[in-house]
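Please look at the structure below. The report that follows takes up a sheet and then a ligand site.

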Amino acid sequence: MFPRGPSLRYNTGMSIQLLPEEVASQIAAGEVIERPSSVVKELMENALDAGADQITILVKEAGRRLIEVIDNGAGIPSGELKLAVHRHATSKLKNAADLFRVSTLGFRGEALASIGSVSHLTLLSRVQKEDMGGSIRVEGGEIHPVEDLGIPPGTTVRVEHLFYNVPARLKFLKTDRTEKRHINDMVSRYSMANPAVRFKLHHDGELVFQTSGSGDLREVFSSVYGVSTAKQMIEVIYEDEYLGITGYVSPPGLTRSNRREMLFYVNQRPVSDPALSSATNQAYHTLVMKGRFPITVLFLSLPPDKVDVNVHPTKAEVRFEDKGEIFKVVSRAVRRALLAFSPVQEVSNIRGVNLWGGPAPDQSHIHRGIDPAWNKLEKNREEGVFGQDMDSPQISAPLGAPILRLIGQVAATYLIAEGPDGLYLIDQHAAHERVLFEKFTSERNEGNPSQALLDSVVVEFSPSSADLVQEHLPILRKLGFDVEEFGPGSFVIRSVPGTLQGSSPEGMLRAAVEDLEVDETPLEKNIEEKIIARVCKRAAVKAGQVLTPEEQKQLILDLEACQSPRTCPHGRPTMIHLSVDLLERKFGRMGP
Ligand code: ADP
Ligand code: MG
């Protein structure tokens, strides 16, 4: 956009001038430093580049007041402190050719200068072999003289009053909760790429996240996502002469409603490339429903000259030399890992929810590979067994449900029933979602009576999800979840809404907060609706679950009793109707 002001509209009368250093830095800062988490990112990268194996991050007021990153890396000689805060000053690159083989995270020599131009920055550092260190202070781009200082080896960068001189940025910042979440996500991302580094993150004096630095990725993963999630992850290992892939992906039963937990790294550098997540999703084709996304932490390694990380100042994007091929390989490697794994399924995944009376049988001891029903289903889809006409079904007007006579279940996914006017194919998941949703909503008016669990369940959350649970405790309680904080990042569930009894309490609590991160401050009513829809979806029987004839019958009866039986709460059809007319035409019993 053109500036609106009259004097800047045309450059007549202004001669070409070099921008003052201060202004240039502020412009650069605009690209690199978007919010507090960008500062955390740049400072962590510098610490990692300096070979630190301990990085401590202190944050106050979501980074508005203070971001301090303390490392035990190589340090900066006092004589170079001044250079370090200068723009285009880097120790990591000497000429243009180096650009194509950089292995450090930074190389633009921009971060410290940029941060210094929009904050009060103090850089304290000491190299191992010197007895004294030094400090330098930059205030809004103005560099003060270096002072001697006795400190332990390593570097501390203290950033205070971020954006104090850029009101527009300050105004653009989101709530503390959101800014903290960005910081938390950034720290977890880097900690997973560097399992041998000990990370500690404090918010306002409280330690909220730490890793041991043991070098074991699974351990770091557990710190981020909790042990129970970590235990379910499937390992991916792939290697050819050109590309290596390692990491973890979640089993098809463990998914999220968005891509936020699909993390990718190229040569240890976090990247965000939508094509990489679609390649991975591709591997889950037919294993998870549309709109569900796995949790992934995948590390790609390829020769530095095959990938250009220099595309974007914050380097989240990459350019691959052979994009198509890489994505194909990623997709195949993940698919192979998925098909090879042999998970311990959750009770609710095996038998479905126990809506059907009595507590769910404990089948947690049953170890199963991917249900053969999936493969069968997939094969059917590929071979087009579900013929064309089924793809363009004739869905009747959304009135009440007809009275149905159950015939049976196909592909462990659909129920077949006969109605007064033909055949009905019912999607068991969508139908059950509808049933639960209506029960839940009607019980809400009675305050959603909750059902105490025989054994309370403790669930661990990542720091940002824990914040969400904490924040929504009142609503969750109102909906029948008796949940209480149980140490940092974990919560104990004592009772669940009666309607959802029998379903995995942990799964439901996770589902409840899953979508909430996206919206900032929606109306409470909307949040409730959202939570109800999410937990009902989570609690509903899945495609691929074999139901007993009694369960099938009950589902159909329950569906018949619904007010809007023909769609799931998200608006997808629960049933497809094939009228007698249509059948007769298809069989050539009647003229077309
Ligand atoms: P870049 O990382 O792109 O080189 P920065 O502005 O982030 O640019 O840092 C400038 C220089 O300051 C680095 O090249 C490095 O030499 C030095 N430096 C910055 N932070 C640290 C640190 N934590 N430990 C050691 N040296 C550092
Ligand atoms: Mg840097």
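Three strands make up an open sheet in the order β22-β24-β23, with antiparallel pairing. Strands are DSSP runs of E with at least two residues, numbered from the N terminus, and helices are runs of H or I with at least four. Two strands pair if DSSP finds at least two bridges between them. Because β22 (450-460) and β23 (482-485) stand at the edges, each with a single partner strand, one side of each has no neighbour in the sheet. From one strand to the next, the twist averages 15°. β23 and β24 (residues 490-497) run antiparallel and are joined by four bridges. Glu485 stands opposite Phe491 in β24.

This is a predicted model, in which local features need pLDDT of at least 70, side-chain atom pairs count only at pLDDT 80 or more, and totals for chains, interfaces and linings use all residues. Residues are numbered from 1 along each chain as its sequence is written, chains are lettered from A and ligands numbered from 1 in the order written, and side-chain values use heavy atoms, without hydrogens and water.

Ligand 1 is surrounded by 19 residues, where near means a heavy atom within 4 Å. Among the closest are Asp71 and Lys92.

| Residue and part | Distance to an oxygen atom of ligand 1 |
|---|---|
| Asn46, side chain | 2.8 Å |
| Ala111, backbone | 3.2 Å |
| Leu112, backbone | 2.9 Å |

The elements giving two or more residues to this shell are α2 (36-49) and α4 (111-117).

Definitions and conventions
A polar contact is a pair of N or O atoms within 3.5 Å; within protein, one must be able to donate a hydrogen and the other to accept it, and residues adjacent in sequence count only if both atoms are side-chain atoms. Axes are lines fitted to C-alpha atoms, for helices over the stretch in contact, and angles run from 0 to 180 degrees between N-to-C directions.
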